[in-house]
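Visitor: Before we discuss any label attached to this structure, I would like to see the structure itself, and then to ask on what grounds each label rests.

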Amino acid sequence: MNEYDSAVIKEMLKENGFVYTNSPDAANIVIVNGCVVREKPEKKEFELLKYYKKRGKFVVSAGCLAQKDKEALLEFSDLVVGPMEYDNLPEIIKRRGVFTDYNKERDKFYEYARKRDEVGFSEYVTIMTGCDNFCTYCVVPFTRGREKSRPPWDIIDEVKGLIAKGTKEITLIGQNVNSYFYEGVDFKDLLQMISKLNVKRIRFTTSHPRDISLAVFDIMAKKDNIMPHIHLPVQTGSNKLLKEMRRGYTREEYIYIVDAARKIIPDIVISADIMVGYPTETEEDFLSTLDLVKRVQFDYAYMFIYSPRKPSIAYYRYKEQLPKEVAVRRHRRLVETVQQIVIKKRKDMIGKTYEVMIDGHAKKNEGLSRGKTRGNITVVVEKHIPEGEFIKVKITHVNGATPIGKPIKT
Ligand code: SF4
């Protein structure tokens, strides 16, 4: 979401007479649009702010970072501006102070989002912001505020504009896209409306296991331009922890959704966020997570060690944390378990053909291309192909967990 916000901020400031440069060292004003979901990026953002402040830049702290740490940030920034204050950014950017009211609308912001002219073949479009869930470990409801859905006609206008400018893949984003609701239009309705536009690939993230309806899978199965991938964070396989975290579902319900998704869309790719080291996680809880991972057979997963984030509920609730070595050991074991499943799944791709949209070159070899399957699996293609092109690729082998293939003529 910060990536999308940054693109719109760029457009907004450009339209208001500011000149963009790729090099922060050459700029007079530096905006750090920071994420605070994890501890590591947050530390990096503070370092960046200090670095540019020392060099005499006018430093703007933006995003969730600004919303969360307003007071602390003033020491390193001239302006602190939360995500719901972006409508006024061109006016307030030369002032100093804190602007972090999160009860505002983002009408002007979305107006600039629709005007964006520098667009790529793959773009994000925000459909809702904020979250009402208050999972105990999470700061999003405190930094992005309560859920606000954007009018469907406004979203459709932005998508149509992007398609006209050459975008081929749209990812609908929101903290909890499944709870999208605007004047009788829910997420499945919105998805259906967007699928009627001339867009080649539609993705969406992030989904919530409690809020997703099976009707979404029915629409995905029917519409060829909605990609067969769902990112469905599970966090833990322990019912005790799911309850403590206020996630609103059980492991049995999670498994039911996954099984239903695979029944409706047999080639669906399922990914998740998984956390270890929650303060009250016992060995038994952790083993439940490993067990769930083996049962679900995720296609890929983002795995994290819990870190206390102020002002989350868990930050205040638990005085004691798990010993670091216990959390690190569990994380390693989880990564190994997921990795084994992923490698097996990638090997299963050998000999099969996939439609791939090229999005760059391979990390270690600029002569080879890299792209994503419809299911969002990154593959390397043994040929140089321009970005944004669609090709059919037959997977010939895997390198670690990366499938490698050759383009085939259709
Ligand atoms: S659903 Fe939970 S984890 Fe996700 S953004 Fe909302 S509070 Fe955070």
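Guide: What follows is a set of questions about a predicted model, each answered by setting a value against its criterion.

Visitor: What makes D285 count as buried?

Guide: The criterion asks for 20 or more other C-beta atoms within 10 Å of the residue's own, and D285 has 20 C-beta neighbours inside 10 Å, so D285 counts as buried. The residue has its place in helix α13, and, leaving aside its neighbours within four places in sequence, D285 is in contact with T236, S238, K240 and L241.

Visitor: How do you know that the span of helix α12 agrees with its number of residues?

Guide: Helix α12 covers residues 251-264, and its 14 residues, at 1.5 Å a residue, should span 20 Å; because the end C-alpha atoms are 20 Å apart, the two values agree. The expected span is 1.5 Å times one less than the number of residues.

Visitor: Why are the buried residues of α12 said to be on the same side?

Guide: The buried residues in α12 are R251, Y254, I257, V258 and A261. They cover an arc of only 125° around the axis, and therefore lie on the same side of α12. The face turned away from that buried side carries the exposed residues E252, D259 and K263, while what covers the buried residues includes α10 (214-222), β12 (229-231), α11 (239-244), β13 (269-276) and α13 (283-296).

Visitor: How do you know that the span of helix α1 agrees with expectation, and which of its residues are buried?

Guide: Buried in α1 are D5, V8, I9, E11 and M12. Because they cover an arc of only 165° around the axis, they are on the same side of α1. These buried residues pack against β1 (29-34), α3 (63-68), α5 (89-92) and α6 (107-115), and just after the helix G17 takes a positive phi of about 90°.

Visitor: What makes you say that the buried residues of α9 line one face of the helix?

Guide: In α9, which comprises residues 187-195, the residues F187, L190, L191 and I194 are buried. Seen down the axis of α9, they fall within an arc of 100°, so they line one face of the helix. Their cover includes α8 (152-164), β10 (185-186), β11 (201-205) and α10.

Visitor: Why are β18 and β19 called paired strands?

Guide: Pairing requires at least two bridges, and β18 (residues 390-399) is joined to β19 (residues 402-408) by 7 bridges, the two strands running antiparallel. K394 stands opposite K406 in β19, and the two strands form a hairpin with 2 residues between them, where G400 in the turn has a positive phi of about 65°. By the same criterion, β18 also pairs with β15 (residues 353-362), since 5 bridges join these antiparallel strands; M357 has F390 as its bridge partner in β18.

Conventions:
Residues are numbered from 1 along each chain as its sequence is written. This is a predicted model: local features need pLDDT of at least 70, side-chain atom pairs count only at pLDDT 80 or more; totals for chains, interfaces and linings use all residues. Helices (H or I, at least four residues) and strands (E, at least two) are DSSP runs, numbered from the N terminus. A residue is buried if 20 or more other C-beta atoms lie within 10 Å of its own, exposed if 12 or fewer, and partly exposed in between; C-beta atoms are placed from the backbone. The arc is that of the directions from the helix axis to the C-beta atoms. Two residues are in contact if their C-beta atoms, placed from the backbone, lie within 7 Å.
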